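The sequence and the structure are shown first.

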Amino acid sequence: MFFEKMLQLYKQKKFHLSSKLLEMLKDGGIKANFADLQVGNRGIYFLLPNAGVSKVMLYQAQIQESLFHTKGEPLVHLCSCDESKKNFNHKDFLAIIKMDLRFFLGIYSHKIERKFFNDKPLRLCPQCSEILSHYQENLELFFKSAEKDYHLDFKD
C-alpha cells in the first residue's frame with residue numbers, strides 16, 4: 001500500500017522520488033532489506049532512482065532483550081566492516097542518515113517490545129570509526145563524499 005501510494009504521487013509529479021527517499025533516510029530510516037544498498041570500503045551506499053547515490057549508516061534498530069543484556073547496545077556502521085557486510089540486508093537493521101548519532105532503538109522479548117528509546121546515543125563500531133578518521137572525524141564531510149567515494153569503491 002505504501003509503495004502504491006508513492007507510485008501514484010510520483011506519477012502525479014507531486015514530488016521527486018529520489019528526494020522523498022532521502023527525506024525518509026533522514027527522518028527515520030529505511031529497513032535495510034527494503035533498501036538498494038551496496039557496501040564498500042569507503043561507505044554504505046543507497047542507490048537512488050535518479051541514478052544518484054547517498055551514503056548511509058546501518059544499525060540494528062530492533063534487538064532481542066537477551067542479546068542487549070549480553071552484548072550491549074548495537075553499534076552504528078559506516079562501511080564494509082564484518083557486521084555491516086553480514087547484515088546489510090537484514091530486516092532489523094535500518095539504513096539512515098544521522099549527524100548526531102542518536103537513534104530509535106526497540107528492545108524485544110520474543111515478539112513483544114519491552115522498552116524503546118527515541119533518542120538513544122549509539123557508538124560507531126571501531127572498524128567504521130577508523131574510516132571516519134579519514135574524513136577528519138566529520139560525518140558531514142563523510143556523507144558529502146558519497147558520489148566520489150562510490151566511484152572509487154566500485155570502479156568498472
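Strands E2 and E3 run antiparallel and are joined by four bridges in this predicted model. Within this pairing, Gln38 has Tyr45 of E3 as its bridge partner. The two strands belong to an open sheet of five strands with antiparallel pairing, in the order E1-E6-E4-E3-E2. Strands E1 (30-31) and E2 stand at the edges with a single partner strand each, so one side of each is left without a neighbour in the sheet.

**Overall composition**

The protein chain contains seven helices and eight strands. Of its 156 residues, 42% are buried. Among contacts with a separation of 6 or more, 66% are between residues 24 or more positions apart. The chain exposes about 9600 Å², and carbon and sulfur atoms supply 52% of that area.

In soluble globular proteins, nonpolar side chains tend to be buried together. Here the largest nonpolar core has 35 residues, and Leu37, Phe46 and Met57 have the most contacts inside it. At least two residues of this core come from each of helix H2 (17-27), E3, E4, E6, H5 and H6.

Phe46 illustrates these contacts: beyond its neighbours within four places in sequence, its contacts include Leu21, Leu25, Ile30, Leu37, Val53 and Val56. Ser54 is also in contact with Phe46.

Ser54 itself is found in strand E4 and counts as buried at 11% relative accessibility. Leaving aside neighbours within four places in sequence, Ser54 is in contact with Leu22, Ile44, Tyr45, Phe46, Ile97 and Ala146.

Ala95 is found in strand E6 (residues 93-96) and is buried, with a relative accessible area of 0%. The residues that Ala95 touches, not counting those up to four places away in sequence, include Leu25, Ile30, Leu37, Val56, Met57 and Leu58. Ala95 and Ile30 are 65 residues apart along the chain, yet their C-alpha atoms are separated by 5.3 Å.

**Helix H7**

In helix H7 (residues 146-153), the buried residues are Ala146, Asp149, Tyr150 and Asp153. They lie on the same side of H7, because they cover an arc of only 105 degrees around the axis.

**Salt bridges**

The structure holds eight salt bridges. Three of them are listed here with the distance between nitrogen and oxygen.

| Salt bridge | N to O distance |
|---|---|
| Asp153 and Arg42 | 3.0 Å |
| Lys120 and Glu73 | 2.5 Å |
| Lys144 and Glu140 | 3.2 Å |

Asp153 counts as buried at 17% relative accessibility, while Arg42 is partly exposed at 31%.

The salt bridge of Lys120 with Glu73 also links distant parts of the chain, 47 residues apart: Lys120 is in strand E8, and Glu73 is in the loop between helix H3 (65-71) and helix H4 (82-87). Lys120 is buried, with a relative accessible area of 16%, and Glu73 is partly exposed, with 32%.

Lys144 and Glu140 are four residues apart in helix H6 and are therefore separated by about one helical turn. Lys144 is exposed, with a relative accessible area of 65%, whereas Glu140 is partly exposed, with 43%. Elsewhere, salt bridges that share partners join Lys55, Lys148 and Asp149 into one network.

Strands E7 and E8 pair in the antiparallel sense over seven bridges, and Tyr108 stands opposite Glu113 in E8. The hairpin has two residues between the strands, and His110 takes a positive phi near 60 degrees there. His110 lies in the loop between strand E7 (102-109) and strand E8 (112-121), and counts as exposed at 69% relative accessibility.

Gln136 likewise has a positive phi, of about 55 degrees, although it is not a glycine. Gln136 lies in the loop between helix H5 (126-132) and H6 and is exposed, with a relative accessible area of 63%.

Technical notes: Residues are numbered from 1 along each chain as its sequence is written. This is a predicted model: local features need pLDDT of at least 70, side-chain atom pairs count only at pLDDT 80 or more; totals for chains, interfaces and linings use all residues. Side-chain values use heavy atoms; hydrogens and water are left out. Buried means under 20% relative accessible area, exposed over 50%, partly exposed in between (1.4 Å probe, protein chains only). The arc is that of the directions from the helix axis to the C-beta atoms. Contact means heavy atoms within 4.5 Å. Accessible areas come from the Shrake-Rupley method with a 1.4 Å probe; for residues, only the protein chains shown count as cover. Two strands pair if DSSP finds at least two bridges between them. A nonpolar core is a set of buried Ala, Val, Leu, Ile, Met, Phe, Trp, Tyr and Cys residues joined through side-chain atoms within 4.5 Å. A salt bridge is a side-chain nitrogen of Lys or Arg within 4 Å of a carboxyl oxygen of Asp or Glu.
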